[in-house]
Amino acid sequence: MTQTYQEPLVTSHHASAPVIEMLDISITFGNVHALDQVSLRLYPGEVHALMGENGAGKSTLIKALTGVYSIDAGTITVGGQRHEFHSPSAAQAAGISTVYQEINLVPNLTVAENMLLGREPRRFGGIHVREMNRRAQQTLRALGLDIDPASVLGEHPIAVQQLVAIARAVDVDARVLILDEPTSSLDGDEVEKLFDVLRRLRADGVAIVFVSHFLDQIYEIADRMTILRNGTLIEERMVADTPRLELVQLMIGRELEELDRLGRGSGSVPDPSRVPVLEVVGLSRKGALEATDLSLYDGEVVGVAGLLGSGRTELARLLFGADSADHGEIAIRSTRRRLRSPRHAIDRKLAFTSEDRKAEGIVGDLTVADNMLLALQASRGWLRPIPQSVRTRLVQQYMEALNIRPADPQALMRNLSGGNQQKVLLARWLITDPHVLILDEPTRGIDIGAKAQIQSLVAELASKGMSVVFISAELEEVLRLSHRMVVMRDRRKIAELSNDDVRVGDLLRIIATEATDVEQEGSSDD
Ligand SMILES: Nc1ncnc2c1ncn2[C@@H]1O[C@H](COP(=O)(O)OP(=O)(O)OP(=O)(O)O)[C@@H](O)[C@H]1O
Ligand SMILES: [Mg+2]
């Protein structure tokens, strides 16, 4: 184990002493060494990135610092004093404010109530609602966010909820601000807004810990980084001195050529004269999606590009029957169908992984194996259990295909790292052997190596005949995988184009053109 410490970035704001020093921290869960003698130093006025693959120990290190987990060995110093927090609220009281990977706000409270939870302004023995809303509004405005503080949190999309969680964290008078994958559900503009806020806080001397699987973001915002692998400290580095390729190698501990094998949805462009496996005409739902047509052929990957709120998730939910359409027709292999519920869709061999893994997917108290087999079991009916030998074989197969860690089918789902939970959800739907697979942000929160793995798995499944609807905020990924692309804006499809030599810039241009502009129609659609 190498432990290389380098001098921190020193600007006029920087005190020379770290505000936090974690030294040789170890935590084990059963026989998993989640952290093995890991150290972290945080200086005032820096953005410090915690880097590492899914399951490397990033969230665990943060939870050790903030008192969610107690440590088995090591020391934590805060402002030069030995200190250990025994609860997140104790950490917060000491000026350490955290936005965890899982949004832990209360969906049925208002935005303002969530932001000021536990710190509500009071008057006459009760909560001073008007003052609370005013203060929340002030913070939201300062972040450039146009969100009604009196609205109910749960009615907003996840991205907005994420921004509220961040607003809550920065509102507290924090010396240390910890952001564990805060950007995974934000789009470009929102990330920029967040980064503006972070730069301001950094200039004020706040120490910021930032976790993200998007390397561009790391290079844009972070000053220094600590790289973890498999629960051990690999190195502490200045970001500016570390080329990307080197960073990735430090994280994954092997060479990159495995990631390079990856190609686009292996060639065979479907023949449009055949019968589409799924065809929708005039699909719409008030407030969610305006009349949209879409045809999907066997073996085809159709990418959906568009900004947040463009209607991409709404389209996926309507295709799957998770929301019911007001108008429109759905035909599966030319037979008209009504998808009144996901159950109908599953019976017709459709599958859908939701972007909201917490609300719609994960059953934390069940094992990984049970979570993986959930959709298959539901589609067979609960009275026909899956034979044990089949269970074992399927679980084994997908644990390997997606490199799920720990590779223990009996591990409890809630104990897996965020990225590994996401892989289990994907496996759950692949196991049902669907004809149409609708993926909404399947690689969000997934590390760079696993992302390549998932992408090549999708390409392989398509080459074997599965049709895929692939939704992602990362345009590069959409381009790499798709045979055809649908561009959405303002809750409708504004363009459809076949993927011959389309570039990210082309997509961006279509997304950004004014709604009044002439619509573009691509070549493979008719
Ligand atoms: N409460 C727990 N019980 C058992 N194992 C746990 C628990 N919390 C974390 N682990 C294990 O510790 C390891 C590190 O997980 P951690 O969540 O810190 O990873 P991470 O680096 O944040 O990954 P990701 O990028 O996927 O979020 C994983 O193997 C995980 O399964
Ligand atoms: Mg994590």
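Two strands are taken to pair if DSSP finds at least two bridges between them. Helices (H or I, at least four residues) and strands (E, at least two) are DSSP runs, numbered from the N terminus. The structure is a predicted model, in which local features need pLDDT of at least 70 and side-chain atom pairs count only at pLDDT 80 or more, whereas totals for chains, interfaces and linings use all residues. Residues are numbered from 1 along each chain as its sequence is written, chains are lettered from A and ligands numbered from 1 in the order in which they are written, and side-chain values use heavy atoms, with hydrogens and water left out.

Strand β4 (residues 73-78) pairs with β5 in the antiparallel sense over two bridges, and Val-78 stands opposite Gln-81 in β5. These strands belong to an open sheet of four, ordered β2-β1-β4-β5 with antiparallel pairing. Its edge strands, β2 and β5 (81-82), each pair on one side only. Helix α1 packs on this sheet and touches β1 (20-29), β2 and β4 (contact means heavy atoms within 4.5 Å). The direction of α1 makes about 115° with that of β1; axes are lines fitted to C-alpha atoms, for helices over the stretch in contact, and angles run from 0 to 180 degrees between N-to-C directions. Strand β1 also contains Asp-24, a residue other than glycine whose phi is positive, near 50°. Most residues other than glycine have a negative phi, and most peptide bonds are trans.

Ligand 1 is surrounded by 21 residues, the closest being Gly-55, Lys-58, Thr-60, Ser-417 and Gly-419; a residue is near a molecule or strand if one of its heavy atoms lies within 4 Å of it. At least two residues of this shell come from each of β2 (32-42), α1 (58-65) and α15 (418-430). Helix α1 gives the most, with three residues. By class, the shell has seven nonpolar, eleven polar and three charged residues; Ala, Val, Leu, Ile, Met, Phe, Trp, Tyr, Cys and Pro count as nonpolar, Asp, Glu, Lys and Arg as charged, and the others, Gly among them, as polar. An oxygen atom of ligand 1 is 2.7 Å from a polar backbone atom of Gly-55, and a distance of 2.9 Å separates an oxygen atom of the ligand from a polar backbone atom of Gly-57. An N or O atom in the side chain of His-213 is likewise 2.9 Å from an oxygen atom of ligand 1. Taken alone, ligand 1 exposes 650 Å², of which the protein buries 90%; accessible areas come from the Shrake-Rupley method with a 1.4 Å probe.

A further open sheet has four strands in the order β14-β13-β16-β17, with antiparallel pairing. Strands β14 (289-296) and β17 (335-337) stand at the edges with a single partner strand each, so one side of each is left without a neighbour in the sheet. On average, neighbouring strands are turned by 25° against each other, direction ignored. Five bridges join β13 (residues 278-285) to β16 (residues 327-332), with Leu-278 opposite Ile-332 in β16. Helix α10 (residues 312-320) packs on the sheet, where α10 touches β13, β14 and β16 and its direction makes about 115° with that of β13. Strands β13 and β14 are also joined by five bridges, and Thr-292 in β14 is the bridge partner of Leu-283. The two strands form a hairpin with three residues between them, and Gly-287 in the turn has a positive phi of about 80°.

A cis peptide bond, with omega of about -5°, joins Arg-405 and Pro-406. Pro-406 is found in the loop between α14 (388-401) and α15.

How values were computed: A polar contact is a pair of N or O atoms within 3.5 Å; within protein, one must be able to donate a hydrogen and the other to accept it, and residues adjacent in sequence count only if both atoms are side-chain atoms.
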